[in-house]
Amino acid sequence: MATTIVVPYHHDDRLPDGLVPAPGTEPPTVVDPELPTGDRWTRMAALHEAVAATVASSPLPVTVLSGDCLVAPAVLTGAQRAGLDPALIWFDAHGDVHTLETTTSGYLGGLSLRLAMGAHPELLAERSGMRPVPEDRVVLVGARDLDPPETAYLEASRVRRSPVADLSAADLPEGPLIVHVDVDVVDSGELPGLLFPAPDGPAGPEVAAAVARIRATGRVAVLDIACTWRPAGEPHERAELIAALLGTGG
């Protein structure tokens, strides 16, 4: 099994133990730094530095499990520090391509993919040295709950989009890959307790099968899973989904 890194945070908030389930019998590496005082972005920059350093120093491939999608830019930074120039395969019910100017909810996780592609570099990228991923090296998979500004951006961008069931190796950019999976890509009727549930999505096994098709290329450097669910929920059901995504389920 790949090295497993657990980041028990949602933004800069420490999550309760066990909310991010660690698979397997080997204890994972837990990234849990003491964060500085300051604004939210300063605290997240410190967390991201710890995540990036851990990813960069870990033997590949790496599995990262966290509580939100905002950890993904730190994962990208770590892979780049390890000498890779990875593309991004982003499984998510949402677009995560807002900017501070377009978001109406103010939820920072909705900026995650856009930050990885270079938006607002002063917030995280310039502090960590992250290089933005070009739009044409990004594939957004399973997104169905988009706000109008996200739809407009995606229609004008070079980001490729795919339904989960249709994704194949032919759709993937060349080179090493970071596969990011927000668990809310799974249909909310099948996976209750999500922070931002979205109906009309694929079943968990369908998502796991798509991830397996990507893993079969041998080019996945990091599998980054965002466990975006509330504390109340069925632990066994959640652990089964994680195991399926990792290809370790029975």
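Predicted model: local features only at pLDDT ≥ 70, side-chain atom pairs only at ≥ 80, totals over all residues.
View 1. Residues are numbered from 1 along each chain as its sequence is written, and side-chain values use heavy atoms, with hydrogens and water left out. The side chain of Arg-40 meets that of Asp-12 in a salt bridge of 2.7 Å, N to O; a salt bridge is a side-chain nitrogen of Lys or Arg within 4 Å of a carboxyl oxygen of Asp or Glu. This pair links distant parts of the chain, with Arg-40 in helix H1 (residues 40-56) and Asp-12, 28 residues apart from it, in the loop between strand S2 (9-10) and strand S3 (13-14). Helices (H or I, at least four residues) and strands (E, at least two) are DSSP runs, numbered from the N terminus. Asp-12 is buried, at a relative accessible area of 6%. A salt bridge of 3.0 Å, N to O, also joins the side chains of Asp-13 and Arg-40; because Asp-13 lies in strand S3 and Arg-40 in helix H1, the pair ties together parts that are 27 residues apart in sequence. Asp-13 counts as partly exposed, at 38% relative accessibility. Asp-12, Asp-13, Arg-40 and Arg-43 are linked in a network of salt bridges.

**View 2. The salt bridge between Arg-14 and Asp-32.** The side chains of Arg-14 and Asp-32 meet in a salt bridge of 3.1 Å, N to O. Here too the pair links distant parts of the chain, since Arg-14 is in strand S3 and Asp-32 is in the loop between strand S4 (29-30) and H1, 18 residues apart. Arg-14 counts as partly exposed at 37% relative accessibility, and Asp-32 counts as partly exposed at 39%. A search of the whole structure finds 8 salt bridges.

View 3. Gly-95 lies in the loop between strand S6 (87-91) and helix H3 (112-116), and at 0% relative accessibility it counts as buried. Not counting residues up to four places away in sequence, Gly-95 touches Leu-113, Leu-140, Asp-145, Leu-146 and Glu-150, contact meaning heavy atoms within 4.5 Å. Asp-96, in the loop between S6 and H3, is buried yet has no salt bridge, and the nearest side chain of opposite charge, Arg-114, is 11 Å away; for charge, Lys and Arg count as positive and Asp and Glu as negative, while His and the chain ends are not counted.

**View 4. The lining of the largest cavity.** The lining of the largest cavity includes His-48, Pro-73, Leu-115, His-120 and Met-130; a cavity is a set of points, on a 1 Å grid over the protein atoms alone, where a 1.4 Å probe fits but cannot get out, and lining residues have an atom within 4 Å of a point. Helix H2 (72-81) and helix H4 (125-128) each supply at least two residues of this lining, and H2 gives the most, with 3 residues.

Methods. Buried < 20%, exposed > 50% of the residue type's maximum accessible area, 1.4 Å probe, protein only. 1 Å grid on protein atoms, 1.4 Å probe; cavity = no way out; pocket = protein on both sides within 12 Å on 5 of 7 lines; lining within 4 Å.
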